[in-house]
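Work through the exercises below with the sequence and the model open. Each task is followed by a solution in steps.

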Amino acid sequence: MKNIVVLISGRGSNMISIAQACLSQCWPARIAAVISNRPQAAGLAAARALGLPVEVEDSAGRTDREAYDADLARRIDAHSPDLVLLAGYMRILTPAFVDRFAGRLLNIHPSLLPSFPGLDTHRRALEAGVKVHGATVHLVTAELDSGPILAQAAVPVMPGDDEDALSARVLEAEHAIYPMAVRWMIDERVEVRGRTVRLRDPGPGETGLLLPRSERA
Ligand code: GAR
């Protein structure tokens, strides 16, 4: 059994989608801990309801990022993690933290990277007038939102979309690609060469690209 630690800051819907896939597909893995930096994160209650162990490493007032990340890393290490998943974890990580978990640290980002790294991706996509938007699962490297890409999901931007409508469409796609990419990591099918990710023995359709329903073969 591989150990997964999930870091959240809020609602935790990606954490839930991974936990449900792990259980329903009988992954050779378990979620060893869900850790939030915010005690009031709604995802904590959702994790508890799923029977997952939860912890809080409160970041309020912790201005020394090195010290905070060292405490967080110790908490994570206590679970001997094979994978550490950022799932709506909204703090920028220190290089020491990223180094410590290099190669087993994944993030989901709500845009088609390298477009719109950082915050407010849906608002910025609407302002930019793009016709296609989406989400990206990537390995985390020291540079923000720019590690090797495992999977991307594209969604259309529809006339009349506001941020809520667009973010809901993207979130649904996130829930499809994050569990898929995590499973690839659990099964050790991911090969990284520089910035490029290759999947070992890809099955039909296992391209790492998820298209809108209407575009799928
Ligand atoms: C998701 O849309 C995720 O992509 C985004 O936060 C949301 C968390 O939702 N992550 C980032 O913006 C990271 N920079 P969730 O708590 O329901 O999973």
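Predicted model: local features only at pLDDT ≥ 70, side-chain atom pairs only at ≥ 80, totals over all residues.

**Exercise 1. Describe the area buried between domain 1 and domain 2.**

Step 1. The size of an interface is often expressed as the accessible area lost when the parts come together.
Step 2. Between domain 1 and domain 2 this area is about 1,500 Å², and carbon and sulfur atoms give 72% of it.
Step 3. On the side of domain 1, the residues that lose the most area to domain 2 are K2, N14 and W27, together 30% of what that side buries.

**Exercise 2. Which side chains form the salt bridge across the interface, and which elements of domain 1 touch domain 2?**

Step 1. The rule finds one salt bridge across the interface of domain 1 and domain 2.
Step 2. The side chains of K2 and E188 meet in a salt bridge with an N to O distance of 2.7 Å. This counts as a salt bridge because the cut-off is 4 Å.
Step 3. Five residue pairs are in polar contact across the interface.

**Exercise 3. Locate the cis peptide bond and the residue with a positive phi that is not a glycine.**

Step 1. Most residues other than glycine have a negative phi, and most peptide bonds are trans.
Step 2. L113 and P114 are joined by a cis peptide bond, with omega about 10 degrees. P114 lies in the loop between β5 (105-109) and α5 (121-128).
Step 3. D145 has a positive phi of about 55 degrees. The loop that holds D145 runs between β6 (132-139) and β7 (149-156).

**Exercise 4. Which residue lies over the face of Y68?**

Step 1. R91 lies over the face of Y68, at 4.3 Å from the ring centre.
Step 2. This meets the rule for a charge over a ring, because the distance limit is 6 Å.

Technical notes. Residues numbered from 1 in each chain as written. Heavy atoms only, no water. Lys NZ or Arg CZ within 6 Å of the ring centre and 35° of its normal. Buried area = accessible area lost by both parts, 1.4 Å probe. Polar contact = N/O pair within 3.5 Å; in protein donor to acceptor, adjacent residues only side chain to side chain. Helix = DSSP H or I, 4+ residues; strand = E, 2+ residues; numbered from the N terminus.
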